[in-house]
Amino acid sequence: MPTERTHVDGKVLSTLLDLAHEVLGIECDPQSNFFEYGDSLAATHMCSLAAGRHGWSITARDVFAWESFALLAGAIERDGGGDGQEARRAEGGA
């Protein structure tokens, strides 16, 4: 299970927690694991929202693998999800 600590953009983490709140209906601790609150169907729903709204390519497996929302946000950021990717998509870029 990945546990690498990195600096996390507050916007990516905040957006991820907002998505989790929308799916689960509760506030989640950034240092907790999604599965302390929800199940794999809810994780899949959150991933679908993340892809549609922000262009993030995360899966329920990713949500399971990263030990916390903060670590998952770091992985999203490293994969390019925290650097204006949605703006490039809106302009017709990749």
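Is Cys28 buried or exposed? I looked it up: Cys28 is buried, at a relative accessible area of 10%. My cut-offs are under 20% relative accessible area for buried, over 50% for exposed and partly exposed in between, with a 1.4 Å probe and protein chains only.

A note on the ground rules. This is a predicted model, so I keep local features at pLDDT of at least 70 and side-chain atom pairs at pLDDT 80 or more, while totals for chains, interfaces and linings use all residues. Residues are numbered from 1 along each chain as its sequence is written, and side-chain values use heavy atoms, with hydrogens and water left out.

**Cysteines**

I checked Cys47 as well, and it is buried, with a relative accessible area of 6%. Then I searched the whole structure for disulfides (a pair of cysteine sulfur atoms within 2.5 Å). The search came back with zero.

**Aromatic pairs**

How many aromatic pairs does a search of the whole structure find? I got four. Here I pair rings of Phe, Tyr and Trp (its six-membered ring) if their centres lie within 6.5 Å; planes under 30 degrees apart are stacked, over 60 edge-to-face, and the rest tilted.

I looked at Phe34 and Phe69: the ring centres are 6.2 Å apart and the planes sit at 65°, so this pair is edge-to-face. Phe34 is in the loop between α1 (10-24) and α2 (40-54) while Phe69 is in α4 (residues 69-78), so the pair ties together parts 35 residues apart in sequence. For the element names, I take DSSP runs numbered from the N terminus: helices are H or I with at least four residues, strands E with at least two. Both Phe34 and Phe69 are buried.

I then went to Tyr37 and Phe69, where the centres are 6.4 Å apart and the planes at 40°, so that pair is tilted. This one links distant parts of the chain too, with Tyr37 in the loop between α1 and α2 and Phe69 in helix α4, 32 residues apart. Ring pairs join Phe34, Phe35, Tyr37, Phe64 and Phe69 into a cluster.

**Helix α4**

Why do I call α4 largely enclosed by the rest of the structure? Because eight of its 10 residues are buried. Among them are Phe69, Leu71, Leu72 and Ile76. I asked what these buried residues pack against, and found α1 and α3 (60-65), taking contact as heavy atoms within 4.5 Å. After α4 comes Gly80, with a positive phi near 95°.

Trp66 sits in the loop between α3 and α4. I have Trp66 down as buried, at 13% relative accessibility. Its C-alpha atom is 9.9 Å from that of Ser32, 34 residues away along the chain.

**α1 against α2**

I find α1 and α2 packed at about 130°, with their axes 9 Å apart. Axes are lines fitted to C-alpha atoms, for helices over the stretch in contact, and angles run from 0 to 180 degrees between N-to-C directions. That makes α1 oblique to α2 (under 35 degrees is roughly parallel, over 145 roughly antiparallel, 65 to 115 roughly perpendicular, the rest oblique).

From the α1 side, the residues meeting α2 include Thr15, Leu16 and Leu19; on the α2 side, Met46, Leu49 and His54 are among them. I followed up Thr15, which belongs to helix α1 and counts as buried at 15% relative accessibility. Not counting residues up to four places away in sequence, Thr15 touches His54 and Trp56.
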